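Subject: Structure handover

Hi,

Here is the structure I promised to pass on to you. Have a look at it first, and my notes on what turned up follow below.

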Amino acid sequence: MHPIITDTATLAACCERLAHETFITVDTEFMREKTYYPLLCLVQLAGEGEAVAIDPLAAGIDLTPLYTLLANPAVLKVFHACRQDMEIFYQGMNALPAPLFDTQVAAMVCGYGESIGYEALVNRVLGLPVDKSSRFTDWSKRPLSDKQIEYAIGDVLHLRGIYRALQKRLDESGRTGWIEEEMLPLLDPRTYVTDPDEAWKKFRLRNSSPRFLAMLQAAARWRELTARARNVPRGRIMKDETLAEVAHLKSPDFAALQGIRGFYPTMHAAHYEPLFDALREAAALPSSECPRLPAREVMPEGCEAVADLLRLLLKACAAKQHVVPRLIADKDDLDALAMGKREHVHALTGWRYDMFGQYALRLLAGGTALKVDGSNGITFVDLP
C-alpha cells in the first residue's frame, strides 16, 4: 500500500529524498467543472525507489517543499500530456516545473502516432492494461479510499517504465534534442495565462467588422475578469454564443440583455453594469482603434497544388522516419514554401530541415520527384 501525505513535515522529508533522483514522474488529479481555476486534489510522485500521493486539500499542509522539488534544475520532471498539470503548478508556485519531459510528445517523436493517450501508450510500450475503475472519481471528496489512491499512483509507476523506454529510443535515434525543442512552448508561462484583452480571439467569428470586434473584445474581457474574480467557469458567467450576441447590442442595458435568446442571469442585475459600461466605451472608440483581424494572404493561382505536393512529400518523409507529420511542418509552413517564402519557415530550421526542409526545397527546384512505391505508399527520389 502506498502512502498518502497529509502534513508538511512528511512532505518535506519525501521531497528531500526525491531531490536526489535523476528523474521523477509526476501526475495530478484535479477538478475544474465548477471553477475558473483548476482545484488541485491530489499529486502523485514516483522516483526509482518510492511512489507517494500528496493531499493538497489536507488541513494545514504547505506545498512549498513540493514546489521546491518541481523547480529543482537537477531533477527531470516526467509527465504525460502535461499542459493542464503545468497550468495548475504555475498557479500554485508562480513558476513552471523544469526541466521537463512529456511522454506524449516523446511518443510522437518516436513514431507512436499523434497525441497518443496514456492508456494506449502503457499498452503499446509496456504491454500492460490500465485500471480504469476510478476514472470518474470526484477527487475533491474525502476520505479517499485505498483503491482510489492505488489507482492514482499507478499512473506515475507506469510512467517510469514509459520514460525509460522512450528515452532509450530517443538516444538510439539521436532525437533527444528534438524533445528539448518541443518542450520550450510548455515551459513558457504565456502558454498558461489568458490575457483578458485577447480572450475574444478564441471565438469562432461570423462577423469580422472592426466595430463588432471591439464590442466582442470588451464583452469577452468583462467575462474573463468576472469569471476569475468569482472563480467560476466562463460559461457560468455567460455562454460564448450569448456573449457574441451581446456584442451586437445597440443600447446595452439589462432589459436588452434579457431580450437575448439563451441569456440566463447568473448574477444580480447590478453586476452586469461593468459589462454595459465596457460595451458603451467600445461603441465610442474611434474606428482606427478598433481591433482588426489580420488580412488573409490569398495564395496565387497554382500554389495550392504545390502545397498539396509538399503535403505528400511531408507524409513520405514522416513515414520514412516514423515521426508524426505535424511535428515536422504545419499548414502555414507548407503554404509559405509553396508561395516561395523562405524566411521564418519553421520547417527549414534544425532537424526539420534535415528531415524534410531540404527535400522540400529540392522538390520546388525540380530536383526531387514523388512516386508511388507499391505497398510502401508515396516515396521521393532525387532527379539527375
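Let me start with Ala-81, which sits in the loop between β5 (76–79) and α3. Please keep in mind that this is a predicted model. Although Ala-81 is not a glycine, its phi is positive, at about 50°. Its relative accessible area is 34%, so Ala-81 is partly exposed.

Asn-231 is another residue to look at for its backbone. Its phi is near 50°, a positive value in a residue other than glycine. You will find Asn-231 in the loop between α8 (210–230) and α9 (234–237). With a relative accessible area of 31%, Asn-231 counts as partly exposed. As background, most residues other than glycine have a negative phi, and most peptide bonds are trans.

Ala-98 and Pro-99 are joined by a cis peptide bond, with omega at about -5°. Pro-99 belongs to the loop between α3 (83–93) and β6 (100–102). There is also a cis peptide bond between Arg-142 and Pro-143, where omega is about 5°. Pro-143 is placed in the loop between α5 (118–126) and α6 (146–173).

Next, the cysteines. How many disulfides does the count come to? The count comes to zero.

Glu-21 may interest you for its charge. This residue is found in the loop between α1 (8–18) and β2 (23–31). Glu-21 is buried and yet has no salt bridge. Which side chain of opposite charge is nearest to Glu-21? That is Arg-160, 7.2 Å away. What Glu-21 does have is a polar atom of its side chain 3.2 Å from the backbone nitrogen of Glu-48. Leaving out residues up to four places away in sequence, Glu-21 touches Gly-47, Glu-48, Gly-49, Ala-74 and Val-75.

Gln-358 lies in helix α16 (residues 350–364). Is Gln-358 buried or exposed? Its relative accessible area is 19%, and since buried means under 20%, Gln-358 counts as buried. A polar atom of the Gln-358 side chain is 2.7 Å from the backbone oxygen of Asp-354.

Ala-283 is part of helix α12 (residues 273–283). Its relative accessibility is 45%, so Ala-283 counts as partly exposed. Apart from neighbours within four places in sequence, Ala-283 is in contact with Arg-211 and Met-215. Ser-251 is 32 residues away from Ala-283 in sequence, and their C-alpha atoms are 9.8 Å apart in space.

Over to you now, and do write back with any questions.

Best wishes

Technical notes
Residues numbered from 1 in each chain as written. Predicted model: local features only at pLDDT ≥ 70, side-chain atom pairs only at ≥ 80, totals over all residues. Heavy atoms only, no water. Helix = DSSP H or I, 4+ residues; strand = E, 2+ residues; numbered from the N terminus. Buried < 20%, exposed > 50% of the residue type's maximum accessible area, 1.4 Å probe, protein only. Contact = heavy atoms within 4.5 Å. Polar contact = N/O pair within 3.5 Å; in protein donor to acceptor, adjacent residues only side chain to side chain. Disulfide = S-S within 2.5 Å. Lys, Arg positive; Asp, Glu negative; His and termini not counted. Salt bridge = Lys/Arg side-chain N within 4 Å of Asp/Glu carboxyl O.
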